[in-house]
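My entries follow in the order of the look-up.

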Amino acid sequence: MAKLEFDQLLEAGAHFGHLKRKWNPAMSPYIFMERNGIHIIDLYKTIAKTEEAAAALKQIAKAGKKILFVATKKQAKPVIEEKAQSINMPYVIERWPGGMLTNFPTIRKAVKKMSNIDKMIKDGTFDTLSKREKLQITRQRAKLEKMLGSIQDLTRLPSALFVVDVMKEQIAVKEANKLGIPVFGIVDTNSDPNDIDFVIPANDDAAKAVDMILGYLCEAIKEGLDERKIEKADANAAEDQEEEGAVPRRERKSKAAKRERVKKEDKDAINASVVSKYAKDADVEE
(Lines give C-alpha, C1' and ligand atoms only; values in the text may rest on other atoms or scores of the structure.)
Protein backbone atom coordinates (compact mmCIF):
# COMPACT_ATOMS: atom_id res chain seq x y z
CA MET A 1 0.00 0.00 0.00
CA ALA A 2 1.39 3.41 -1.05
CA LYS A 3 2.22 5.84 1.77
CA LEU A 4 0.76 9.29 2.19
CA GLU A 5 3.26 11.89 1.06
CA PHE A 6 3.76 15.22 2.80
CA ASP A 7 4.07 17.13 -0.49
CA GLN A 8 0.87 15.63 -1.87
CA LEU A 9 -1.11 16.63 1.21
CA LEU A 10 0.44 20.09 1.08
CA GLU A 11 -0.55 20.47 -2.57
CA ALA A 12 -4.09 19.28 -1.78
CA GLY A 13 -4.45 21.99 0.88
CA ALA A 14 -4.85 19.57 3.78
CA HIS A 15 -2.81 21.90 6.03
CA PHE A 16 -5.20 24.87 5.97
CA GLY A 17 -7.21 25.24 9.15
CA HIS A 18 -9.81 27.86 10.09
CA LEU A 19 -9.38 31.42 11.27
CA LYS A 20 -7.70 31.80 14.64
CA ARG A 21 -10.83 33.31 16.19
CA LYS A 22 -12.82 30.20 15.24
CA TRP A 23 -10.40 27.62 16.58
CA ASN A 24 -11.06 25.01 19.24
CA PRO A 25 -8.24 24.99 21.87
CA ALA A 26 -8.48 21.20 22.09
CA MET A 27 -6.95 21.05 18.60
CA SER A 28 -3.76 22.83 19.70
CA PRO A 29 -1.64 19.61 19.69
CA TYR A 30 -2.27 19.29 15.95
CA ILE A 31 -1.60 22.93 14.99
CA PHE A 32 1.84 23.72 13.60
CA MET A 33 1.66 27.53 13.41
CA GLU A 34 -0.49 30.56 12.62
CA ARG A 35 -0.13 32.47 9.35
CA ASN A 36 -2.14 35.56 8.38
CA GLY A 37 -4.72 34.81 11.06
CA ILE A 38 -5.21 31.20 9.85
CA HIS A 39 -4.05 28.11 11.73
CA ILE A 40 -1.78 25.70 9.86
CA ILE A 41 -2.18 21.99 10.63
CA ASP A 42 0.91 19.85 11.27
CA LEU A 43 0.85 17.47 8.29
CA TYR A 44 3.36 15.09 9.88
CA LYS A 45 0.78 14.43 12.58
CA THR A 46 -1.88 14.11 9.88
CA ILE A 47 0.15 11.35 8.23
CA ALA A 48 0.85 9.57 11.53
CA LYS A 49 -2.79 9.68 12.60
CA THR A 50 -4.03 8.54 9.19
CA GLU A 51 -1.71 5.52 9.29
CA GLU A 52 -2.93 4.71 12.80
CA ALA A 53 -6.57 4.92 11.67
CA ALA A 54 -5.82 2.82 8.57
CA ALA A 55 -4.34 0.02 10.69
CA ALA A 56 -7.42 -0.04 12.94
CA LEU A 57 -9.87 0.03 10.00
CA LYS A 58 -7.98 -2.78 8.31
CA GLN A 59 -8.44 -5.02 11.34
CA ILE A 60 -12.15 -4.19 11.53
CA ALA A 61 -12.59 -5.09 7.85
CA LYS A 62 -10.50 -8.25 8.28
CA ALA A 63 -12.90 -9.35 11.03
CA GLY A 64 -15.77 -9.09 8.54
CA LYS A 65 -17.41 -6.10 10.20
CA LYS A 66 -19.07 -3.07 8.61
CA ILE A 67 -17.83 0.53 8.66
CA LEU A 68 -20.39 3.29 8.11
CA PHE A 69 -19.13 6.37 6.21
CA VAL A 70 -20.88 9.68 6.85
CA ALA A 71 -20.50 13.00 5.02
CA THR A 72 -23.40 15.30 4.16
CA LYS A 73 -21.35 18.36 3.21
CA LYS A 74 -21.24 19.24 -0.49
CA GLN A 75 -17.46 18.86 -0.96
CA ALA A 76 -17.26 15.38 0.57
CA LYS A 77 -20.48 13.72 -0.67
CA PRO A 78 -19.24 12.48 -4.06
CA VAL A 79 -15.93 11.33 -2.56
CA ILE A 80 -17.63 9.31 0.19
CA GLU A 81 -20.07 7.76 -2.28
CA GLU A 82 -17.32 6.67 -4.66
CA LYS A 83 -14.92 5.32 -2.04
CA ALA A 84 -17.56 3.51 0.05
CA GLN A 85 -19.03 1.83 -3.03
CA SER A 86 -15.57 0.68 -4.14
CA ILE A 87 -15.19 -1.39 -0.96
CA ASN A 88 -18.89 -2.28 -0.60
CA MET A 89 -19.43 -0.41 2.67
CA PRO A 90 -22.58 1.48 3.76
CA TYR A 91 -22.62 5.27 3.66
CA VAL A 92 -24.82 8.30 4.37
CA ILE A 93 -24.52 11.39 2.15
CA GLU A 94 -28.01 12.84 2.60
CA ARG A 95 -29.43 14.23 5.85
CA TRP A 96 -28.55 12.04 8.82
CA PRO A 97 -31.79 10.34 9.95
CA GLY A 98 -32.01 10.99 13.69
CA GLY A 99 -31.91 7.77 15.71
CA MET A 100 -30.32 5.82 12.91
CA LEU A 101 -28.00 4.09 15.37
CA THR A 102 -29.81 4.50 18.69
CA ASN A 103 -33.14 3.46 17.14
CA PHE A 104 -31.77 1.07 14.55
CA PRO A 105 -34.75 -1.39 14.51
CA THR A 106 -37.03 1.42 13.26
CA ILE A 107 -34.59 2.23 10.46
CA ARG A 108 -34.50 -1.45 9.51
CA LYS A 109 -38.31 -1.45 9.29
CA ALA A 110 -38.14 1.45 6.82
CA VAL A 111 -35.55 -0.43 4.75
CA LYS A 112 -37.75 -3.53 4.85
CA LYS A 113 -40.65 -1.42 3.59
CA MET A 114 -38.55 -0.50 0.58
CA SER A 115 -37.85 -4.20 -0.04
CA ASN A 116 -41.57 -4.99 0.22
CA ILE A 117 -42.36 -2.39 -2.46
CA ASP A 118 -39.75 -3.98 -4.74
CA LYS A 119 -41.39 -7.36 -4.09
CA MET A 120 -44.79 -5.93 -5.03
CA ILE A 121 -43.38 -4.68 -8.33
CA LYS A 122 -41.81 -8.07 -9.11
CA ASP A 123 -44.81 -10.29 -8.27
CA GLY A 124 -47.30 -8.10 -10.16
CA THR A 125 -49.23 -6.80 -7.13
CA PHE A 126 -48.19 -3.25 -8.03
CA ASP A 127 -49.97 -3.48 -11.41
CA THR A 128 -53.33 -4.19 -9.74
CA LEU A 129 -53.28 -0.87 -7.82
CA SER A 130 -54.99 2.32 -8.92
CA LYS A 131 -53.06 5.08 -10.65
CA ARG A 132 -53.11 7.24 -7.50
CA GLU A 133 -51.86 4.41 -5.27
CA LYS A 134 -49.08 3.64 -7.73
CA LEU A 135 -47.97 7.28 -7.69
CA GLN A 136 -47.93 7.39 -3.88
CA ILE A 137 -45.95 4.17 -3.58
CA THR A 138 -43.49 5.25 -6.28
CA ARG A 139 -42.84 8.54 -4.49
CA GLN A 140 -42.42 6.75 -1.16
CA ARG A 141 -39.98 4.29 -2.74
CA ALA A 142 -37.93 7.12 -4.26
CA LYS A 143 -37.77 8.94 -0.91
CA LEU A 144 -36.69 5.81 0.94
CA GLU A 145 -34.09 5.06 -1.73
CA LYS A 146 -32.62 8.54 -1.43
CA MET A 147 -32.39 8.41 2.37
CA LEU A 148 -31.70 4.73 3.06
CA GLY A 149 -30.72 3.06 -0.20
CA SER A 150 -27.02 3.26 0.64
CA ILE A 151 -27.52 1.36 3.93
CA GLN A 152 -29.84 -1.31 2.56
CA ASP A 153 -27.26 -4.06 3.25
CA LEU A 154 -26.56 -2.84 6.80
CA THR A 155 -28.46 -5.55 8.70
CA ARG A 156 -26.86 -4.78 12.07
CA LEU A 157 -25.17 -1.86 13.82
CA PRO A 158 -21.83 -0.89 12.23
CA SER A 159 -18.62 -1.67 14.09
CA ALA A 160 -17.14 1.74 13.30
CA LEU A 161 -18.17 5.19 12.06
CA PHE A 162 -16.10 7.35 9.73
CA VAL A 163 -17.07 11.03 9.63
CA VAL A 164 -15.98 13.99 7.53
CA ASP A 165 -16.55 17.25 9.47
CA VAL A 166 -17.38 16.13 13.01
CA MET A 167 -19.15 19.43 13.77
CA LYS A 168 -21.67 19.02 10.95
CA GLU A 169 -22.21 15.35 11.80
CA GLN A 170 -22.32 15.84 15.57
CA ILE A 171 -25.64 13.95 15.92
CA ALA A 172 -24.09 10.87 14.28
CA VAL A 173 -21.03 11.19 16.54
CA LYS A 174 -23.20 11.48 19.68
CA GLU A 175 -25.21 8.39 18.75
CA ALA A 176 -22.04 6.39 18.11
CA ASN A 177 -20.52 7.56 21.43
CA LYS A 178 -23.69 6.56 23.26
CA LEU A 179 -23.51 3.02 21.83
CA GLY A 180 -19.74 2.68 22.25
CA ILE A 181 -19.08 2.54 18.51
CA PRO A 182 -15.54 3.81 17.71
CA VAL A 183 -15.52 7.03 15.66
CA PHE A 184 -12.92 7.87 13.00
CA GLY A 185 -13.00 11.43 11.74
CA ILE A 186 -11.29 14.12 9.68
CA VAL A 187 -11.14 16.93 12.24
CA ASP A 188 -10.50 20.59 11.39
CA THR A 189 -9.14 23.25 13.75
CA ASN A 190 -12.63 24.51 14.66
CA SER A 191 -13.83 21.10 15.91
CA ASP A 192 -13.69 19.23 19.22
CA PRO A 193 -11.55 16.07 18.92
CA ASN A 194 -12.44 14.76 22.38
CA ASP A 195 -15.43 12.72 21.15
CA ILE A 196 -13.43 11.16 18.30
CA ASP A 197 -11.54 7.92 18.95
CA PHE A 198 -9.26 8.23 15.91
CA VAL A 199 -8.56 11.86 15.06
CA ILE A 200 -7.19 12.72 11.60
CA PRO A 201 -6.30 16.44 11.71
CA ALA A 202 -6.84 17.92 8.26
CA ASN A 203 -8.79 20.46 6.24
CA ASP A 204 -12.28 18.95 5.92
CA ASP A 205 -13.33 21.58 3.34
CA ALA A 206 -10.74 20.60 0.71
CA ALA A 207 -12.27 17.93 -1.54
CA LYS A 208 -8.86 16.89 -2.87
CA ALA A 209 -7.46 16.39 0.64
CA VAL A 210 -10.51 14.39 1.73
CA ASP A 211 -10.21 12.25 -1.41
CA MET A 212 -6.53 11.57 -0.73
CA ILE A 213 -7.05 10.58 2.91
CA LEU A 214 -10.12 8.47 2.15
CA GLY A 215 -8.31 6.76 -0.72
CA TYR A 216 -5.51 5.72 1.64
CA LEU A 217 -7.96 4.45 4.28
CA CYS A 218 -10.09 2.55 1.75
CA GLU A 219 -6.97 0.89 0.37
CA ALA A 220 -6.20 -0.38 3.88
CA ILE A 221 -9.79 -1.62 4.27
CA LYS A 222 -9.55 -3.41 0.92
CA GLU A 223 -6.36 -5.14 2.08
CA GLY A 224 -8.18 -6.29 5.21
CA LEU A 225 -11.06 -7.68 3.13
CA ASP A 226 -8.63 -9.47 0.79
CA GLU A 227 -6.75 -11.03 3.71
CA ARG A 228 -10.07 -12.24 5.13
CA LYS A 229 -10.91 -13.94 1.81
CA ILE A 230 -7.51 -15.64 1.69
CA GLU A 231 -7.81 -16.88 5.29
CA LYS A 232 -11.30 -18.26 4.60
CA ALA A 233 -10.07 -19.99 1.44
CA ASP A 234 -7.14 -21.54 3.37
CA ALA A 235 -9.47 -22.69 6.15
CA ASN A 236 -11.84 -24.31 3.65
CA ALA A 237 -8.93 -26.03 1.89
CA ALA A 238 -7.66 -27.36 5.22
CA GLU A 239 -11.11 -28.73 6.07
CA ASP A 240 -11.34 -30.45 2.69
CA GLN A 241 -7.92 -32.05 3.22
CA GLU A 242 -8.96 -33.29 6.67
CA GLU A 243 -12.13 -34.81 5.23
CA GLU A 244 -10.18 -36.46 2.41
CA GLY A 245 -7.58 -37.76 4.88
CA ALA A 246 -10.25 -39.20 7.17
CA VAL A 247 -11.63 -41.53 4.45
CA PRO A 248 -8.34 -43.42 3.77
CA ARG A 249 -7.80 -43.83 7.52
CA ARG A 250 -11.21 -45.45 7.85
CA GLU A 251 -10.46 -47.59 4.79
CA ARG A 252 -7.09 -48.65 6.23
CA LYS A 253 -8.74 -49.52 9.51
CA SER A 254 -11.42 -51.59 7.80
CA LYS A 255 -8.80 -53.38 5.67
CA ALA A 256 -6.75 -54.17 8.77
CA ALA A 257 -9.84 -55.52 10.50
CA LYS A 258 -10.61 -57.65 7.42
CA ARG A 259 -7.08 -59.08 7.40
CA GLU A 260 -7.39 -59.95 11.10
CA ARG A 261 -10.73 -61.64 10.41
CA VAL A 262 -9.26 -63.63 7.50
CA LYS A 263 -6.29 -64.68 9.63
CA LYS A 264 -8.64 -65.82 12.36
CA GLU A 265 -10.77 -67.75 9.90
CA ASP A 266 -7.69 -69.39 8.40
CA LYS A 267 -6.42 -70.33 11.85
CA ASP A 268 -9.79 -71.79 12.78
CA ALA A 269 -9.85 -73.76 9.53
CA ILE A 270 -6.34 -75.15 10.20
CA ASN A 271 -7.31 -76.11 13.78
CA ALA A 272 -10.46 -77.78 12.49
CA SER A 273 -8.44 -79.67 9.92
CA VAL A 274 -5.97 -80.90 12.58
CA VAL A 275 -8.77 -81.96 14.91
CA SER A 276 -10.47 -83.79 12.06
CA LYS A 277 -7.21 -85.63 11.18
CA TYR A 278 -6.66 -86.74 14.79
CA ALA A 279 -10.23 -87.88 14.96
CA LYS A 280 -9.76 -90.05 11.83
CA ASP A 281 -6.48 -91.47 13.19
CA ALA A 282 -8.25 -92.38 16.43
CA ASP A 283 -10.99 -94.20 14.52
CA VAL A 284 -8.42 -96.18 12.53
CA GLU A 285 -6.55 -97.33 15.69
CA GLU A 286 -9.76 -98.51 17.26
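This is a predicted model: local features need pLDDT of at least 70, side-chain atom pairs count only at pLDDT 80 or more; totals for chains, interfaces and linings use all residues.

D165 lies in the loop between β6 and α6 (170-179). Is D165 buried or exposed? Its relative accessibility is 11%, so D165 counts as buried. I then recorded N36, which is not a glycine and has a positive phi of about 55°. N36 sits in the loop that links β2 (31-35) and β3 (38-41). With a relative accessible area of 75%, N36 is exposed.

Entry on the cores. I found that the largest nonpolar core holds 41 residues, and that F69, F162 and L217 have the most contacts inside it. Elements giving two or more residues to this core include α2 (43-62), β4 (67-70) and α7 (207-285). The largest share, ten residues, comes from α7. A second, separate core has 28 residues, among them L68, L144, V166 and V183.

I next listed the contacts of F69 beyond its neighbours within four places in sequence; among them are I80, A84, F162, L214, C218 and I221.

Entry on the pocket. I noted a volume of about 210 Å³ for the largest pocket. Its lining includes K65, K66, N88, R228, K229 and K232. By class, I recorded five charged, three nonpolar and two polar residues in that lining.

How values were computed
Residues are numbered from 1 along each chain as its sequence is written. Side-chain values use heavy atoms; hydrogens and water are left out. A nonpolar core is a set of buried Ala, Val, Leu, Ile, Met, Phe, Trp, Tyr and Cys residues joined through side-chain atoms within 4.5 Å. Buried means under 20% relative accessible area, exposed over 50%, partly exposed in between (1.4 Å probe, protein chains only). Helices (H or I, at least four residues) and strands (E, at least two) are DSSP runs, numbered from the N terminus. Contact means heavy atoms within 4.5 Å. On a 1 Å grid over the protein atoms alone, a cavity is a set of points where a 1.4 Å probe fits but cannot get out, and a pocket is an open set with protein on both sides within 12 Å along at least five of seven lines; lining residues have an atom within 4 Å of a point. Grid points are joined across faces, edges and corners, and a volume is the space filled by probe spheres set on the points. Ala, Val, Leu, Ile, Met, Phe, Trp, Tyr, Cys and Pro count as nonpolar, Asp, Glu, Lys and Arg as charged, and the others, Gly among them, as polar.
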